[in-house]
Structures are given as C-alpha cells and as structure tokens.
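Visitor: Hello! Could you show me the structure and walk me through it, one question at a time?

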Amino acid sequence: METTYIKAINDALRIAMREDENVFLLGEDIGALGGAFKATEGLLDEFGSARVLDTPISESLIVGAAVGAAAVGLRPVAEMQFADFVSCGFDQVVNMAATLRYRHGGNAKCPMVVRCPSGSGVRGGLFHSQNPEAWFTRVPGLKVVAPATAFDAKGLLLSAIQDDDPVIYFEHKFLYRRVKEDVPEASYVVPIGKAALRMEGSDISFITYGSALYHCLDAAAELAKEGVTSEVLDLRTLLPLDRGAILATARKTGKVLIVHEDRLTGGIGGEVAAIIAEHAFEYLDAPVMRLGMRDTHNAFAGAMEEYILPSREKVLAAGRKLAGY
Amino acid sequence: MERDLELYHNLRLVREFEGRLSKMHHQGRIPGGVYSGLGQEALVVGSVYGLAREDFIFPLHRDLGAFLVKGVDPRLLMAQILGKKTGLSGGRDSFLHAGSLADGVFGATSMLASSLPVACGVALKFKMNGEPNVVLAFFGEGASSRGDVHEAMNFAGVQRLPVVFICENNFYAFSTPQPMEMAVEDVADRAAGYGFKGHVCNGNDLFAVMHEVGAAVELARRGGGPTLIECKTYRYSGHSEHDTATYRTKDELLEWESRDPIYMYEFYLQKKGHDMAALSAETGERVKATVDEAVKFAEDSPDPEGPEAMDGLYATQV
C-alpha cells in the first residue's frame with residue numbers, strides 16, 4: 001500500500017503496541033494532539049492514556065523514565081518533540097541508558113527507543129533543524145538508526161522496539177510527507193546494522209543515509225547519462241556501522257564520496273572514511289571525499305540554509321570530480 | 001507622555017504588532033513559525049515598563065512585547081522575524097531567537113527554561129559588582145517542568161540574586177493542559193522550597209502585574225534577593241500559528257476574551273475621564289503607522305545571500 005514515511009512510523013507504533021502489551025509511548029503532546037507532527041495520531045484512541053502517555057516538558061524525565069521502565073520489563077518508545085531537544089535529556093541517554101547493562105555486569109537490558117524527529121530543509125532555524133546523530137554514534141551501548149525510506153522507517157522502528165538495547169531512532173522531518181512508497185501492511189523488521197545497496201554500479205560509490213540519499217540517487221541518475229555508473233549505499237544504521245558493506249563498495253569502485261546532512265566536522269563521514277582508509281587503501285583510485293553541512297549552525301534564512309546544506313547540485317559536482325580521478 | 005497614556009500606547013502597539021504578524025503569516029509573508037502573544041499584553045508591558053536600560057530581561061518566544069517595551073527598534077524586530085539581513089540575528093535564526101544585549105534583551109533558544117540559569121549568571125555579575133540592576137527571567141508554566149528551573153531557582157535563593165522569575169501561566173504547554181503538567185494549582189507555591197517569596201497575580205490586569213513585579217524589582221535592587229511572580233493569563237492563538245488549538249473549547253477562549261487586558265485598561269482610562277473613542281482611534285492610528293513602517297523597512301531590507309551563514313561563530317579569528 002502506498003504509504004508516507006510518517007504514516008509508516010505511525011503504523012509501526014500501532015503494530016508494536018498490538019503485538020506486545022509491554023510497548024508504551026511517552027512524550028510531549030503525543031496523546032490528544034497526536035504529536036507535533038502527527039506521528040502518534042489515533043494511538044491514544046486505540047490504546048488509551050496509560051500507554052500513550054502525555055508528559056510535561058521534561059526531556060530528561062522522558063528518557064530517564066524510559067530507562068527505568070525498560071530495565072524492569074516494559075518496552076518504552078520515547079518521543080522527543082524535535083531531535084534538537086534530546087540535548088535536554090542527553091545525560092540520561094549517554095550516561096544512564098548507554099551504560100546500564102555494562103555497569104550491571106551484563107545482567108540488565110534496556111529495551112527502549114528514543115524517537116528523534118531531525119533534519120533541515122524545513123526553515124526551522126537553529127533549534128528545529130538539527131541532525132544530532134553524531135553526538136550518539138560514539139557512545140558504546142547505544143544503537144543509532146536513521147531510515148531514509150518509508151519501508152525502512154517502519155521496519156527499523158519495529159526492529160528497534162524489539163531490540164533489547166537502547167536505540168536512538170532518527171526520523172527525518174523533511175521526508176515525513178515527501179516520501180511515499182509501497183509498504184507492506186503486515187509486521188516486518190529491517191535488521192539493525194545492515195546497510196542497503198540502493199543502486200549498483202562500477203565507477204564510483206556514494207555512501208549516505210537519511211535525506212541525503214535522495215540527493216545521491218538524483219546525482220547518480222544524472223551521472224549515468226554521462227556514462228558514469230554509481231553505487232549508492234544507504235547506511236540505515238549509524239551505530240554499529242555495516243563495515244562489510246562499506247568496504248565492499250569501496251573495494252569495488254575504488255572511488256568513494258560520503259554524503260550526509262549532518263555537519264562535516266565530527267560527522268559519521270569521518271568514521272566511514274577512516275574505515276576505508278585503514279582497510280581498503282590498496283583499492284582506492286582517488287581520495288575518499290566527503291560532503292556534509294558546512295561547519296556552522298542551522299541558519300534560518302532561505303539562502304543561508306541552501307548555502308550550508310548538501311544539495312543535488314553539490315553532490316553532482318562532487319561526484320563528477322570524483323569520477324574524473 | 002503621561003504614564004497612563006504611555007502604557008496604553010504600549011499595550012496597543014504590542015497588539016497591533018502581534019495582530020499584523022498573524023495576518024502576515026496567513027498571507028504567507030513570514031518564513032518559519034509565529035508564536036503569538038495576543039492576549040498576554042498586560043503581562044509583558046506591566047513587567048518590563050519602567051525598567052532601566054541596564055536591567056536585563058530574558059523573554060520567551062511569545063514575549064514580542066517585552067522586546068518592544070525594553071526599547072528594541074520595531075523595525076529591527078520585524079526584520080528579525082522576516083529573516084532579513086537587517087534583523088537582530090541577520091537572518092541566522094528565526095522569530096525571537098535573538099536578542100539585543102545593548103538593550104538588555106537576552107535571546108532565548110527553543111529549549112524552554114534554559115534561559116533561567118543564564119539569567120542567574122547575569123544577576124550574579126550585578127551582585128558581584130554591586131550594580132543596582134535586576135534581571136527579569138520569563139518562563140511558561142509548561143517549562144516549569146524542566147530541571148533547569150529548579151537549578152536556577154535554587155541557586156538564586158542561595159545567592160540572594162537580584163532576579164525576578166516571572167511565570168507566564170497560560171494553562172497550556174502546547175496542547176497539554178496544566179493538570180497534566182503539574183499536580184499543584186500555583187507554580188508560585190514552589191518558591192517556598194527555594195527560600196524566597198512566590199506571588200500569584202492576574203496577568204491580564206496591567207496594574208496587578210505592575211504592582212507585583214514592581215515590588216519584586218525593588219526588593220531585588222535593594223539586595224533582598226529573588227521573587228517568583230506567577231501571572232495567570234491566556235494566549236488567544238494556538239501554540240503557534242500552525243496550531244488550531246482544538247484541545248480547548250470555544251467557551252473557554254470566550255471567557256478569557258471577556259477578561260481582555262486592553263479592554264480592562266480602557267475601562268480604567270474611561271473612568272479617569274478620557275474620551276475613549278477619540279483616544280482609541282488616535283492611538284490605533286499611531287501604532288498602525290509604527291507597524292506599517294516596521295513592515296516596510298523589513299520587507300524592503302535585503303535577504304541574506306547565503307555565505308553570511310559562516311559569519312558570527314567566533315569572536316576571534318580561527
């Protein structure tokens with residue numbers, strides 16, 4: 001059935017709550033309002049206010065209570081109204097949730113999900129546009145996913161809810177209603193830790209995730225007209241990275257461009273580039289290239305936002321340069 | 001200008017400005033979100049009126065009027081809201097996420113109540129240097145659920161800081177009604193736990209706000225430490241202009257409109273013998289001209305070109 005990315009999220013939540021009574025939701029305005037973006041629309045009616053819990057504005061509490069409930073057997077799905085606000089619950093994510101199992105000698109589980117609506121391109125300004133995934137991708141004990149398609153949005157969320165470890169789930173606001181595709185109505189999972197090859201080719205590789213996937217696919221289609229065939233690898237999971245898939249495409253084409261909407265410096269692209277440099281150096285025909293948001297804040301004005309973000313044109317220009325080596 | 005009339009002018013200017021933003025938003029002339037303070041004019045005008053330029057305020061996303069009364073140029077404020085190069089942040093951020101430190105206006109982030117610890121820092125400087133200035137720190141009853149509020153008030157109590165915490169209780173945190181935010185009726189009760197006084201006041205009554213905040217400001221200036229003032233009020237619009245606010249009833253809105261801060265103040269002016277029809281018309285024309293000029297300035301101002309997004313990060317060359 002043709003389903004939007006946000007509807008796929010809504011469907012996953014409904015399925016998970018029907019399948020397992022231990023699954024419950026907590027967050028700000030998720031009940032009667034159905035969430036700021038309507039991701040939880042209709043769930044209060046079906047499951048009631050005990051399982052669709054409207055909280056005060058208290059991100060630290062939302063994450064912390066999820067940790068506690070998860071540790072004793074429930075499966076909470078916490079919503080940050082915007083990913084930007086996860087900073088207010090940062091301590092509970094990186095210190096409490098991530099270390100829970102480790103400091104209990106491996107005798108604890110923390111089956112929780114923190115949903116974070118992230119991303120730019122929506123004129124949200126400094127605090128409604130952030131891509132804070134790299135704050136978490138260096139924290140062992142966490143898993144971090146970032147679906148780009150509606151199919152993955154549903155399958156990765158169901159995976160995340162079933163997972164016994166804390167999963168930070170970055171859903172992209174720009175894709176909510178712009179991505180629409182056939183998604184099975186039934187329950188299914190997309191495994192955490194597995195990248196997806198979206199396009200096969202032999203000349204250059206794009207390694208990407210989230211909204212940047214679409215820039216890469218567009219650029220790859222354009223390059224095909226110029227006789228350059230591309231691989232497009234969608235990481236889908238950012239922690240742990242699918243090193244096998246990354247190295248396979250790097251070794252195949254020998255030319256890699258990493259693209260993400262997150263800031264360049266300290267972004268996941270640096271880690272991917274390092275993996276390739278360490279383990280596929282002999283296969284490379286060009287320097288590993290990266291394209292990300294410029295190293296500044298998520299500026300508001302239209303021309304500023306365009307200037308700092310990756311785009312189809314910027315990816316295409318970088319792809320041409322890479323192919324030229 | 002006589003005080004009574006100056007206050008009236010301020011109330012009407014804020015309402016005109018807010019009303020214009022709402023209209024412009026629906027005409028698609030404003031990029032980004034608009035968070036209306038319509039209905040809350042007495043609170044911002046009554047709190048900020050009479051402060052010195054050296055005093056600091058920490059306004060919220062809904063406190064456009066606080067910017068105006070504190071002395072921020074309406075033209076620059078409008079340019080800020082339209083994301084123009086001439087705006088307070090030069091297009092770098094939206095709506096009221098900007099300040100004017102020269103006017104004693106500290107810009108907020110979207111992380112509500114994160115301003116309160118910062119307000120304590122400004123107050124700490126005033127105390128350390130023996131400066132007779134005060135800080136007004138605004139927060140919503142919604143944000144009162146955040147830990148930063150506790151940390152800030154606790155510290156302000158310990159240090160007897162010259163800060164007045166002003167809770168704008170408009171009964172809804174976005175869609176969440178107060179009973180789901182807290183198990184008490186008055187946020188002001190919490191002051192007792194921090195060792196200072198908390199007072200509740202009618203936030204739609206200009207004189208009540210001026211009286212309560214004025215007394216707290218004087219106490220703070222004299223070194224008497226912080227106060228928490230809770231102003232009960234109501235926002236006529238939704239959380240943002242995108243929000244149709246279906247979570248509340250028409251009757252409830254109507255009840256609050258019957259307590260409109262400007263109508264109440266006009267009733268006072270009438271009792272004092274002013275010809276209200278004439279005064280209202282004349283004031284209306286004046287504030288309309290001010291806002292017209294602000295809109296014209298802002299719309300005629302250049303948009304940022306793009307590369308400016310890289311400027312303004314560091315004070316020193318990197």
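Visitor: What pLDDT does chain B average?

Guide: Good place to begin, since this is a predicted model. In chain B, 100% of the residues score at least 70. The chain B average is a pLDDT of 96.

Visitor: How far apart are the centres of domain 1 and domain 2 of chain A?

Guide: Let's find the two parts along the chain. The domain assignment of chain A gives domain 1 as 2–182 and domain 2 as 196–323. Taken over C-alpha atoms, their centres are separated by 26 Å.

Visitor: Which element gives the most to the side of domain 1 of chain A that touches domain 2 of chain A?

Guide: On this side, 25 residues of domain 1 of chain A are in contact with 19 residues of domain 2 of chain A. The elements of chain A that give two or more residues to the domain 1 side are β6 (143–145), α6 (150–162) and β7 (167–172). With 3 residues, the one that gives the most is β6(A).

Visitor: Which strands of the open sheet in chain A stand at the edges?

Guide: Follow the order of the 7 strands, which is β3-β2-β4-β5-β7-β6-β12. A strand at the edge has a single partner, so one of its sides is left without a neighbour in the sheet. In chain A, that describes β3 (52–54) and β12 (237–239).

Visitor: What is the bridge partner of A:Ala78 in β5(A)?

Guide: Look at β4 (residues 75–79) and β5 (residues 113–118) of chain A, which pair in the parallel sense over 3 bridges. The partner of A:Ala78 in β5(A) is A:Val114.

Conventions: Residues are numbered from 1 along each chain as its sequence is written. Chains are lettered from A and ligands numbered from 1 in the order in which they are written. This is a predicted model: local features need pLDDT of at least 70, side-chain atom pairs count only at pLDDT 80 or more; totals for chains, interfaces and linings use all residues. Domain bounds come from an automatic or database domain assignment. Two residues are in contact if their C-beta atoms, placed from the backbone, lie within 7 Å. Helices (H or I, at least four residues) and strands (E, at least two) are DSSP runs, numbered from the N terminus. pLDDT is the predictor's confidence in each residue, from 0 to 100. Two strands pair if DSSP finds at least two bridges between them.
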